[in-house]
Amino acid sequence: MLNALTLVTGVAALLLAAWCGWAAYRDQPTKDWHFIAMAVVSLLAVVQLVVGIVQLARGEKPEQGTTIFVAYLLGAFACVPAAGFMSLAERTKWGSVTVAAGGVVLAVLEVRLYDIWGG
């Protein structure tokens with residue numbers, strides 16, 4: 001898999017988590033700018049999903065198994081959008097906390113994807 005894409009996605013997720021964590025610290029809900037950042041991070045996850053599927057279709061195999069790799073790819077793809085939708089339901093600082101947690105989870109999933117692929 002593309003190591004640079006995995007790194008960029010993980011760093012972007014951590015930056016999103018820090019930004020939303022700062023908003024939560026200031027007792028602010030998620031705002032439009034946070035949702036734009038979530039869209040950027042989600043776009044990176046979509047690109048990673050497509051790249052992963054293309055590499056599997058070309059016959060490349062992850063070191064720790066295809067099934068677990070695809071499961072982690074799908075989890076990484078869904079992580080930030082799910083947190084964003086949950087933050088819409090909670091329009092307090094806890095919505096920002098939810099997105100911050102989603103960013104941290106995505107960063108951890110990126111590390112695990114790198115490990116599963118054999119990095």
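Serine 87 sits in helix α3, which covers residues 66-89; helices here are DSSP runs of H or I with at least four residues, numbered from the N terminus. This is a predicted model, in which local features need pLDDT of at least 70, side-chain atom pairs count only at pLDDT 80 or more, and totals for chains, interfaces and linings use all residues. Residues are numbered from 1 along each chain as its sequence is written, and side-chain values use heavy atoms, with hydrogens and water left out.

Let us stay with serine 87 for a moment. Serine 87 counts as buried because its relative accessibility is 0%; buried means under 20% relative accessible area, exposed means over 50%, and partly exposed lies in between, with a 1.4 Å probe and protein chains only. Setting aside residues up to four places away in sequence, serine 87 touches Thr30, Phe35, Gly95 and Val99, where contact means heavy atoms within 4.5 Å.

From here we can follow α3 to its partner, helix α4 (residues 93-117). The axes of α3 and α4 come within 8 Å and cross at roughly 170 degrees. Such axes are lines fitted to C-alpha atoms, for helices over the stretch in contact, and the angles run from 0 to 180 degrees between N-to-C directions. The two helices, α3 and α4, are therefore roughly antiparallel to each other; angles over 145 degrees count as roughly antiparallel, under 35 as roughly parallel, 65 to 115 as roughly perpendicular, and the rest as oblique. On the α3 side, the residues that meet α4 include Tyr72, Cys79, Ala83 and Ser87, and among their counterparts in α4 are Gly95, Val99, Gly102 and Leu106. Sorted by class, this contact of α3 with α4 has 16 nonpolar, six polar and two charged residues. In that scheme Ala, Val, Leu, Ile, Met, Phe, Trp, Tyr, Cys and Pro are nonpolar, Asp, Glu, Lys and Arg are charged, and the others, Gly among them, are polar.

Alanine 83, also in α3, gives a closer look at this pairing. Alanine 83 counts as buried because its relative accessibility is 4%. Apart from its neighbours within four places in sequence, alanine 83 is in contact with Thr98, Val99 and Gly102.

Helix α1 (residues 3-25) and helix α2 (residues 32-57) have axes that come within 10 Å and cross at roughly 160 degrees. So α1 and α2, too, are roughly antiparallel to each other. The crossing of α1 past α2 is left-handed, a label used if the near helix is turned anticlockwise from the far one by less than a right angle, whereas clockwise is right-handed. Among the residues making the contact are Leu5, Ala13, Leu16 and Trp19 of α1 and Trp33, Met38, Val41 and Val51 of α2. By class, the contact of α1 with α2 has 16 nonpolar, four polar and no charged residues.

Between α1 and α2 runs a loop that holds aspartate 27. The phi of aspartate 27 is near 60 degrees, a positive value in a residue other than glycine. Most residues other than glycine have a negative phi. Aspartate 27 counts as exposed because its relative accessible area is 55%.

What links the two pairs?

Alanine 13 is buried, with a relative accessible area of 0%. Beyond its neighbours within four places in sequence, alanine 13 is in contact with Val41, Gly103, Leu106 and Ala107. Alanine 13 and valine 80 are 67 residues apart in sequence and 8.5 Å apart in space, C-alpha to C-alpha.

Finally, the cysteines. A search of the whole structure finds zero disulfides, a disulfide being a pair of cysteine sulfur atoms within 2.5 Å. The sulfur of cysteine 79 is 12 Å from the closest cysteine sulfur, in cysteine 20, which is too far for a bond. Cysteine 20 counts as buried at 0% relative accessibility, and cysteine 79 is buried with a relative accessible area of 13%.
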